[in-house]
Amino acid sequence: MSDTKTDGETFGYCLNTSTIKGQELSLIEEIEITAKAGYTGIEPWVRELDEFEEDGGSLEDLGKRIADQGLAVVNLIGFFEWLVDDDERRTKALEEARRNLDMARKLGCNKLAAAPMGITDLVGLDLDWSGERYHELLEIGRDYGVVPVLEFWGMSKSLGRLSEAMYIAVASGHRDACVLTDVFHMYKSGGGHNGLRLLGQETIGLFHMNDYPANPPRDSITDAGRVYPADGIAPLDQVFKDLRNIGYAGMLSLELFNESYWAEDALSVAQTGLEKMRQAVIDSA
């Protein structure tokens, strides 16, 4: 498995496969593009791995193939309703979580996103209860050597802000607790980006990198409105300074859902995204 960053760089650079999913490439093609573009990490989605296995592929062999390309599988994106207050649904969700954790383990990946799936329309989430649920999920993760990383979604009525994610992480009382932060979601939630300076280097499990334009406005912008880093109005200079100050030296994972990029050549999109991330980091120094 490759180093997470190149010598002399503060951060490592990863490609979330959502950025080029509209080109409808095979997972193998996405891996090759990620490596050719110059990334050292890749962040695939469970549904892609399901399709790969349905076609007869082996995840253990895929993990070796990814490593041979000089890439680390940084995180796995799956969706399971681990926070719903319904015993039957949550039991099924934890079964799916175990399946996802096993997939991550087979790939040599040590993180799995734990998002607010199933509670996006819920108002008044009990954060202490959620901390207990996160503790339970983290304990399950230890059985696989994989850490579930708490993810917040800016459009969600519950677990939509960094502050909620941090409360749940602390309330879990677990040493493995960490959060998945995202430039767009911090903006969309209305919580802003200043909370980053209150975190620590082990608090952030992964950082999703993107930007957003002034229009459409915050209340109506969707994931599809994300743009390349430094092509929007996000305060990236301060974001990177804060990340350096708290000692974060992990991956910046480019996660975009922009249909205009999906209409372009996938390698060109991947290369452009990496160049813009790197330049934005350099400009902030």
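**Nonpolar core**

Which residues of the largest nonpolar core touch the most other members? In this predicted model, they are Leu 62, Phe 207, Leu 243 and Leu 252, in a core of 97 residues. The greatest contribution to this core comes from helix H10, spanning residues 266–284, which supplies eight residues. In soluble globular proteins, nonpolar side chains tend to be buried together.

For Leu 62, residues up to four places away in sequence are not counted; the residues that Leu 62 then touches are Leu 27, Ile 28, Ile 31, Leu 49, Phe 52 and Leu 107.

**Packing of helices H8 and H10**

Two packed helices are described by the angle between their axes and the distance between the axes. For helix H8 (residues 236–245) and H10, the axes come within 9 Å and the crossing angle is roughly 75°. H8 is therefore roughly perpendicular to H10.

On the H8 side, the contact involves Leu 236, Asp 237, Phe 240, Lys 241 and Arg 244, which meet Ala 280, Val 281, Asp 283 and Ser 284 of H10. By residue class, this contact of H8 with H10 comprises four nonpolar, one polar and four charged residues.

Glu 255 is located in the loop that runs between strand S8 (251–254) and helix H9 (259–262). Is this residue, Glu 255, buried or exposed? Glu 255 counts as buried because its relative accessibility is 4%, and the cut-off for buried is under 20%.

When neighbours within four places in sequence are left aside, the contacts of Glu 255 are Asn 16, Ser 18, Thr 19, Trp 45, Asp 182, His 208, Met 209, Asn 210 and Arg 226.

Technical notes: Residues are numbered from 1 along each chain as its sequence is written. This is a predicted model: local features need pLDDT of at least 70, side-chain atom pairs count only at pLDDT 80 or more; totals for chains, interfaces and linings use all residues. Side-chain values use heavy atoms; hydrogens and water are left out. A nonpolar core is a set of buried Ala, Val, Leu, Ile, Met, Phe, Trp, Tyr and Cys residues joined through side-chain atoms within 4.5 Å. Buried means under 20% relative accessible area, exposed over 50%, partly exposed in between (1.4 Å probe, protein chains only). Helices (H or I, at least four residues) and strands (E, at least two) are DSSP runs, numbered from the N terminus. Contact means heavy atoms within 4.5 Å. Axes are lines fitted to C-alpha atoms, for helices over the stretch in contact, and angles run from 0 to 180 degrees between N-to-C directions. Angles under 35 degrees count as roughly parallel, over 145 as roughly antiparallel, 65 to 115 as roughly perpendicular and the rest as oblique. Ala, Val, Leu, Ile, Met, Phe, Trp, Tyr, Cys and Pro count as nonpolar, Asp, Glu, Lys and Arg as charged, and the others, Gly among them, as polar.
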